[in-house]
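Hi everyone, thanks for making time today.

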Amino acid sequence: GRTVKLLNMGMPGAGYCAVLRRAHAALERSKPGLVVLAFFADDLEDRAMMAGYKKPVLFHDRLDSPALQAAVSRSYLANLVWYVLELQAPRRQRRFVDKKGQASFRAGVAGVRRRVQKNGGDVLAVLLSPVGSPSCPSPAAPHSRCDWMARDLALMKALLKAEGVPLADLSELWRRVPTRPVARERALAETWLAIHPDAAGHRALAEALLPAVLERVKDQK
């Protein structure tokens, strides 16, 4: 019953900083009634990665040295040396997302929301999980991808609630609405965590999100 202009500014592979930067850039040109900030399970973290045994290898411990971060991220040789050392080191329990990172996430989302509200609109945060998450064992093995993604989602949810940001938590959607990953990821289901849903999954996401969207805009003219 209303005219809607939709601007899709999704970014493949973006962490929360890139999402918020793009939102601020859009707000320079428009005054939206609603901004949907969709955060995926790993959007809190920037992890160094490399290709090991023809598969991506992700690390979960924080690199505290900026010089080491740059070297490992940009040099295959440095990453390979670090990878070998990591394999020989005992597993550490520190989370990559430290207190500073958590505060930055909260402040960043709150900043976008204040800017949108100043122009009469609002923000809705959405939490999304990998389409393959229902196949994760319970409990998940410590330090596994299933384990840290679930913990990051719980942390993002707590941070958003602490900031008072309206939230649509769709992280459990795939347990209620089973769907398949996109075709190119179906072979990964047994050995790796499938991430992206197929067209039917995207439709299910839209249908699940619609009530929360309508709730945020019901009083807007």
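What share of the contacts in the protein chain with a separation of 6 or more comes from residues 24 or more positions apart? The answer is 74%, where a contact means heavy atoms within 4.5 Å.

Two housekeeping sentences before we go on. This is a predicted model, in which local features need pLDDT of at least 70 and side-chain atom pairs count only at pLDDT 80 or more, while totals for chains, interfaces and linings use all residues. Residues are numbered from 1 along each chain as its sequence is written, and side-chain values use heavy atoms, with hydrogens and water left out.

Now the overview. The protein chain has seven helices and five strands; these are DSSP runs, H or I with at least four residues for helices and E with at least two for strands, numbered from the N terminus. Along the sequence the order reads α-β-β-β-α-α-α-β-α-β-α-α. Of the 221 residues, 40% count as buried, meaning under 20% relative accessible area, with exposed being over 50% and partly exposed in between (1.4 Å probe, protein chains only).

Let's look at helix α4, residues 99–118. Its 20 residues reach 28 Å from first C-alpha to last, close to the 28 Å expected at 1.5 Å a residue; the expected span is 1.5 Å times one less than the number of residues. Its buried residues include F105, V109, R113 and V116. What do the buried residues of α4 pack against? Their neighbours are α1, β1, β4, α5 and α7. Just after the helix, G120 has a positive phi of about 90 degrees.

Two of those neighbours deserve a visit. Strand β1 is largely enclosed by the rest of the structure, because five of its seven residues are buried. It pairs with β4 in the parallel sense over seven bridges, and strands pair here if DSSP finds at least two bridges between them. One example is A38, whose bridge partner in β4 is V126. Helix α1 has buried residues Y16, A18, V19, L20, A23, A26 and L27, and their cover includes β1 and α4.

On to charges. There are eight salt bridges, each a side-chain nitrogen of Lys or Arg within 4 Å of a carboxyl oxygen of Asp or Glu. R106 forms one with E163, with the closest N and O atoms 2.8 Å apart. That pair links distant parts of the chain, from helix α4 to the loop between α5 and β5, 57 residues apart. K157 and D169 meet at 3.0 Å, N to O, joining helix α5 to strand β5.

Last stop, the outside. Which residues form a nonpolar patch on the surface? They are Y76, L77, L80, V81, V84 and L85, with about 570 Å² of accessible area together. Areas come from the Shrake-Rupley method with a 1.4 Å probe, and for residues only the protein chains shown count as cover. Patch members have over 30% relative accessible area and no salt bridge; like charges are joined within 9 Å and nonpolar side chains (Val, Leu, Ile, Met, Phe, Trp, Tyr) within 5 Å. V81 sits in helix α3, residues 76–88, and is partly exposed at 47%.
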